[in-house]
Amino acid sequence: MSFRPGRGSARPPGTWTLGARVALALSGLAALSGCSWFSSSSSEPAAAPAAACPTVAVLRSLSQTAVFAPGAERRPAGVAFYGILSDVDSKCTRSGDAVLVTLDTVIISERGPASSAATSVDLQYFIAATGPEDTILSKRTLPVQITVPAGARRAGITDHVEEWVHLGGRPPGDVKVVLGFQQSPEIVQFYKNFRGR
């Protein structure tokens with residue numbers, strides 16, 4: 001796994017292997033999809049403490065994307081690379097009416113049937129802050145390039161980003177930070193047609 005410079009200081013290389021991060025991401029996604037609030041065993045429910053940070057999550061419906069080989073049909077056989085938003089770690093620091101959210105996002109690329117001799121792929125993902133009723137407060141699209149060495153099936157990077165989120169008088173717990181791939185209409189249609197991928 002490589003670590004991208006230039007968007008903030010990344011974690012020291014070798015902290016996690018790609019396999020360990022992928023396993024952690026899969027268990028985290030399973031936990032996220034099955035999470036729920038549990039009531040206290042006492043008759044008086046305990047008041048939840050106010051959240052100090054916005055909730056951060058990868059949008060499941062936009063956690064994958066596909067890049068097609070030039071001139072290829074928009075079918076699974078024409079995919080050069082798949083992109084997977086695997087996992088995100090976050091922390092935040094409050095400053096007045098804004099929060100600095102630090103994100104370390106694991107992005108994986110996997111070869112498709114039409115990858116041929118290609119050894120890298122360019123992907124775009126977004127970070128958006130949303131308020132009540134999913135009102136978009138801010139959104140930024142980020143390009144990433146992932147090198148997949150010849151002979152390797154997949155590779156990944158950790159993208160380190162620091163994002164200021166302006167609260168507009170809201171408590172941090174009323175704001176969500178969501179991540180997903182920026183998808184063109186043809187990619188959206190591809191996933192409608194081929195849901196298994």
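A residue is called buried when its relative accessible area is under 20%, exposed when over 50%, and partly exposed in between, using a 1.4 Å probe and protein chains only. By this rule Val106 is buried, with a relative accessible area of 0%. The structure is a predicted model, in which local features need pLDDT of at least 70 and side-chain atom pairs count only at pLDDT 80 or more, while totals for chains, interfaces and linings use all residues. Residues are numbered from 1 along each chain as its sequence is written, and side-chain values use heavy atoms, with hydrogens and water left out.

**Whole chain**
- The protein chain has two helices and nine strands, where helices (H or I, at least four residues) and strands (E, at least two) are DSSP runs numbered from the N terminus.
- Along the sequence these elements follow the pattern β-α-β-β-β-β-β-β-β-β-α.
- Of the chain's 197 residues, 39% count as buried.

**Strand E5**
- Val106 lies in strand E5, which covers residues 98–111.
- The C-alpha atoms of Val106 and Asp159 are 6.5 Å apart, although the two residues are separated by 53 residues along the chain.
- Glu110 is also placed in strand E5, and Glu110 counts as buried at 5% relative accessibility.
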